[in-house]
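Let's walk through this one as a run of quick questions. Have the viewer open and follow along.

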Amino acid sequence: MNVFRGPTQFSAGPACALTIGNFDGVHRGHRALLKQLVDGAKERGLVSCVMTFEPHPKEFFAPDQAPPRILNLRDKLAALSDLGIDRVVVEHFNAAFARLPPEEFVAEIIVKRLNAKWILIGDDFCYGAKRAGNFANLKAAGEKYGFEVSSIQTILENGERISSSALRTALASGDMQQAEKLLGRPYGISGHVIHGQQLGRKLGFPTLNLAVANHLHHRKPATTGIFTAQVLGLSDKPLPAVASLGVRPTVEDEGRVLLETHIFDYRQDVYGKIITVELLEKIRNEAKYDNLDALTKAIAADAMHARNYFQKKAYV
């Protein structure tokens, strides 16, 4: 999969089948649209292309009110690649881009730069300054410039929409089973293993640490707490673990978000490696303890809970 930082990196490349959106989560609703895009591109002899935005437009316009990110950019790109997308254009969303009228967005970006011949969008798609463009406008533009436009209906399950908002609600409430149902896979976070304070090692529970949601535009994680987890990327099979995602209230007050994962019976040095931590079940919320002895006892109880989860799973 080829990734471009904005459509200006190339001009009039191979004709493409295009979809546009934030695709935060790349959940089952997104996946249905993206599968249709890939299949339709092959039928038409086109390259499949996704245009997405960095930062999320809501983060640009109102960073304090923007919803938390479900996936970081690396994980979003990995999910798109897994679905067979040929090309992703990551558009830098800034003031100039936000001011583009719908007509200019179509003429300069969709036609001139992306060379789109078929566009597939969701039924609620809007584009251009003040979201003034809609499906009818895009359809009319397609007749003018010679590209086809199709829409896909919202994916429903039990009468409810599969959406990023529904996924954020499940994650915020710690309902990891519902999140997995909406995603079609366990909720995971990837990143480079970084050096920590070595506190876990001193307490008897060494951890692999990932920095999460520390960038300017997305400080809030989609979920927090203590979780039964599994780690991908260090073995040919998932490694069972217990994980803490949050601000570590007992040992620091800087407010930075860390994902700390203790893999059971694992003692290898993996600093710098990229791993994925899948959060399978929420055990409890973060808590602040009066001393390290109380914290150690809580971690031991959490680890026992997670071990029991995997033992029961092995016998199902």
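This is a predicted model: local features need pLDDT of at least 70, side-chain atom pairs count only at pLDDT 80 or more; totals for chains, interfaces and linings use all residues.

Buried here means under 20% relative accessible area, and exposed means over 50%.

Q: Is Leu37 buried or exposed, and what is its relative accessible area?
A: Leu37 sits in helix α1. The cut-off for buried is under 20% relative accessible area. Leu37 therefore counts as buried, with a relative accessible area of 0%.

Q: How far apart in space are Leu37 and Leu18, C-alpha to C-alpha?
A: Leaving out residues up to four places away in sequence, Leu37 touches a list of residues including Ala17, Leu18, Thr19, Val50 and Trp118. Leu37 and Leu18 are 19 residues apart in sequence, while their C-alpha atoms are separated by 7.4 Å.

Q: What share of the residues in the chain is buried?
A: The secondary structure comes to ten helices and 14 strands. The accessible surface is about 15700 Å², and 50% of it belongs to carbon and sulfur atoms. Of the 316 residues in the chain, the buried share is 48%.

Q: Among contacts with a separation of 6 or more, what share comes from residues 24 or more positions apart?
A: Contact here means heavy atoms within 4.5 Å. Counting contacts in the chain with a separation of 6 or more, residues 24 or more positions apart account for 74%.

Q: Are α7 and α8 roughly parallel or antiparallel to each other?
A: Two packed helices are described by the angle between their axes and the distance between the axes. For α7 (residues 164-172) and α8 (residues 176-183), the axes are 7 Å apart and the angle is about 155°. Angles over 145 degrees count as roughly antiparallel. So α7 and α8 are roughly antiparallel.

Q: How many nonpolar, polar and charged residues are in the contact of α7 with α8?
A: The crossing of α7 past α8 is left-handed. On the α7 side you'll find Ala166, Leu167, Ala170 and Leu171, which meet Met176, Gln178, Ala179, Leu182 and Leu183 in α8. By class, that contact comes to eight nonpolar, one polar and no charged residues.

Q: Which residues does Ala170 contact, leaving aside its neighbours within four places in sequence?
A: Ala170 lies in helix α7 and counts as buried at 4% relative accessibility. Its C-alpha is 9.2 Å from that of Glu180, ten residues apart along the chain. With neighbours within four places set aside, the contacts of Ala170 are Asp175, Gln178 and Ala179.

Q: At roughly what angle do the axes of α5 and α6 cross?
A: Here we have helix α5 (residues 102-113) and helix α6 (residues 135-145), and α5 passes α6 in a right-handed crossing. Their axes come within 12 Å, and the crossing angle is roughly 65°.

Q: What is the phi of Val26?
A: Most residues other than glycine have a negative phi. Val26 is in the loop between β2 (16-20) and α1 (28-44), and Val26 is buried, with a relative accessible area of 0%. Although Val26 is not a glycine, its phi is positive, at about 45°.

Q: Is Arg131 buried or exposed?
A: Arg131 also deserves a look, with a positive phi of about 55° although it is not a glycine. Arg131 lies in the loop between β5 (116-122) and α6. The cut-off for exposed is over 50%. So, at 54% relative accessibility, Arg131 counts as exposed.

Q: Which residue does a cis peptide bond join to Glu54?
A: Most peptide bonds are trans. This bond is cis, with omega at about 0°.

Q: How far apart in space are Ser244 and Thr224, C-alpha to C-alpha?
A: Ser244 lies in strand β12 (residues 239-246) and counts as buried at 18% relative accessibility. Beyond four places in sequence, Ser244 touches residues including Gly225, Ile226 and Glu286. Ser244 and Thr224 are 20 residues apart in sequence, and their C-alpha separation is 7.6 Å.

Note on methods. Residues are numbered from 1 along each chain as its sequence is written. Side-chain values use heavy atoms; hydrogens and water are left out. Axes are lines fitted to C-alpha atoms, for helices over the stretch in contact, and angles run from 0 to 180 degrees between N-to-C directions. Helices (H or I, at least four residues) and strands (E, at least two) are DSSP runs, numbered from the N terminus. Angles under 35 degrees count as roughly parallel, over 145 as roughly antiparallel, 65 to 115 as roughly perpendicular and the rest as oblique. A crossing is left-handed if the near helix is turned anticlockwise from the far one by less than a right angle, and right-handed if clockwise. Ala, Val, Leu, Ile, Met, Phe, Trp, Tyr, Cys and Pro count as nonpolar, Asp, Glu, Lys and Arg as charged, and the others, Gly among them, as polar. Buried means under 20% relative accessible area, exposed over 50%, partly exposed in between (1.4 Å probe, protein chains only). Accessible areas come from the Shrake-Rupley method with a 1.4 Å probe; for residues, only the protein chains shown count as cover.
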